[in-house]
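Please read each point with the model open.

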Amino acid sequence: MMRDLQMILRRLTGLNMIGGDICEVVPSLDPSGITCINAANLMFELACLSAVAIEARR
């Protein structure tokens with residue numbers, strides 16, 4: 001599922017993105033750590049989208 005979300009976000013490149021949000025990551029309830037890894041990857045993708053949008057505005 002994470003790969004599908006990454007592909008969707010990457011196709012949004014070029015839109016005037018203002019920000020993104022990640023909610024409900026509770027490491028103590030995720031013994032395998034997969035949720036934290038997915039949240040970190042999602043934050044990276046959102047940061048990249050924001051950086052591209054900011055650069056496009058200049």
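This is a predicted model: local features need pLDDT of at least 70, side-chain atom pairs count only at pLDDT 80 or more; totals for chains, interfaces and linings use all residues.

1. Of the contacts in the chain with a separation of 6 or more, 75% join residues 24 or more positions apart; a contact here means heavy atoms within 4.5 Å.

2. Residues are numbered from 1 along each chain as its sequence is written, and side-chain values use heavy atoms, with hydrogens and water left out.

3. The secondary structure comprises 2 helices and 0 strands, assigned as DSSP runs numbered from the N terminus (helices: H or I, at least four residues; strands: E, at least two). The radius of gyration is 13 Å, well over the 10 Å that the globule rule gives for 58 residues, so the chain is more spread out than a compact globule. That radius is taken over C-alpha atoms, and the rule is 2.2 Å times the number of residues to the power 0.38. Along the principal axes, the C-alpha atoms fill a box of roughly 45 × 20 × 10 Å.

4. Buried residues account for 22% of the 58 residues; buried means under 20% relative accessible area, exposed over 50%, and partly exposed in between (1.4 Å probe, protein chains only). The chain exposes about 4600 Å², of which carbon and sulfur atoms supply 62%, with areas from the Shrake-Rupley method and a 1.4 Å probe. Ala-51, in helix H2, is partly exposed at 45% relative accessible area.

5. Glu-24 lies in the loop between helix H1 (2-11) and helix H2 (34-57). Its phi is near 60°, a positive value in a residue other than glycine. The residue Glu-24 is exposed, with a relative accessible area of 73%.

6. How many disulfides does the count come to? The count is 0, a disulfide being a pair of cysteine sulfur atoms within 2.5 Å. The sulfur of Cys-23 is 14 Å from the closest cysteine sulfur, in Cys-36, which is too far for a bond. Cys-23 is exposed at 51% relative accessibility, whereas Cys-36 is partly exposed at 30%.
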